[in-house]
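Q: Please take a close look at one part of this model and describe how its residues are packed. I would like the cut-offs behind each term as it comes up.

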Amino acid sequence: MMPIVALLTDYGAVDSYVSEVKAVILRYRRDVQLVDISHEVGRYNVLEAAFVLRCASKTFPEDTVFLCVVDPGVGSHRKGLVINTSSGKRFVGPDNGLMYPAAEEEGVEEVYSIDVGRLNVEISQTFHGRDVFAHVVGMMISGKSLSDVLQPFREYVRLELPRPEIGAGRITCQILHVDRFGNSITNLHQSQIPADLRFFDVHLEGRNIGRIPFAPYYSAVNPGEPLFLVGGTGYLELAVNGGSAADRFRIKAGDRLVLTYQGLPPSL
């Protein structure tokens with residue numbers, strides 16, 4: 001079977017960086033299926049990348065290899081990792097917690113650090129995505145031995161996605177990702193949304209932005225009107241029908257929402 005390599009980076013689409021990473025992988029095996037998860041997560045935003053990766057990785061087949069690079073510590077003493085999971089999915093990238101939530105969901109089995117000095121390739125200290133991680137992925141999918149390159153590793157970064165604070169009539173949550181439509185996705189899972197909810201009164205970073213209805217789909221409100229709904233990620237998102245909630249309310253990943261409502265949360 002043709003191997004699948006899924007890529008997630010903050011490299012964007014302006015420069016040649018993504019193509020250079022893919023080119024290295026193709027030098028090892030030309031029949032590989034290269035799938036772009038995203039290259040547009042916020043620059044250096046490890047938390048946002050971790051959320052996007054966890055949402056996406058569960059949809060891929062077993063034996064997919066994930067190359068994940070949002071790496072503000074590139075060139076420093078931080079390790080590069082390979083994480084094997086019980087589902088057969090493997091994750092390759094920097095040891096900054098980016099891969100942990102997705103790998104934990106798949107069942108972490110073995111974690112290895114990459115001995116960069118044993119790769120026998122020329123390495124730029126600012127481009128490990130191409131010069132380290134792409135080579136490791138290429139060796140992996142072409143059947144080349146990594147026994148000299150990988151060392152068992154236990155003290156890796158375990159990044160936990162932030163959890164909402166849920167109380168009677170009040171929820172504090174965080175925007176983890178803003179998609180290209182301006183939908184602002186929070187860390188409040190659909191299982192944590194109060195039953196029979198009709199609306200939230202919303203404060204964003206100390207600003208009162210008013211009462212916003214909870215609806216099942218975007219067009220349940222008039223064009224240009226805001227709403228809350230559960231999106232394809234399974235998490236609550238703030239949206240505008242036919243518009244951008246991020247632009248309308250000046251939202252970015254990392255912002256905090258305070259939501260008040262009438263009633264008790266599901267956990268009480």
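A: Contact here means heavy atoms within 4.5 Å. The model is predicted, so local features need pLDDT of at least 70 and side-chain atom pairs count only at pLDDT 80 or more, while totals for chains, interfaces and linings use all residues. Residues are numbered from 1 along each chain as its sequence is written, and side-chain values use heavy atoms, with hydrogens and water left out.

Leu 53 is buried, at 0% relative accessibility, where buried means under 20% relative accessible area, exposed over 50% and partly exposed in between (1.4 Å probe, protein chains only). Apart from neighbours within four places in sequence, Leu 53 is in contact with Leu 8, Ile 37, Phe 66, Cys 68, Phe 91, Leu 98, Met 99 and Ala 102.

An α-helix has 3.6 residues a turn, so residues three or four places apart point the same way.

For the pairing with H4, the axes of the two helices come within 8 Å and cross at roughly 30 degrees, with axes taken as lines fitted to C-alpha atoms, for helices over the stretch in contact, and angles running from 0 to 180 degrees between N-to-C directions. That angle makes H1 roughly parallel to H4, since angles under 35 degrees count as roughly parallel. The contact involves Glu 20, Val 21, Val 24, Ile 25, Arg 27 and Tyr 28 on the H1 side, and Gly 129, Arg 130, Ala 134, His 135, Val 137, Gly 138, Met 139 and Ile 141 on the H4 side. By class, the residues of this H1 and H4 contact are 8 nonpolar, 3 polar and 3 charged, where Ala, Val, Leu, Ile, Met, Phe, Trp, Tyr, Cys and Pro count as nonpolar, Asp, Glu, Lys and Arg as charged, and the others, Gly among them, as polar.

Methods:
Helix = DSSP H or I, 4+ residues; strand = E, 2+ residues; numbered from the N terminus. Parallel < 35°, antiparallel > 145°, perpendicular 65-115°, else oblique.
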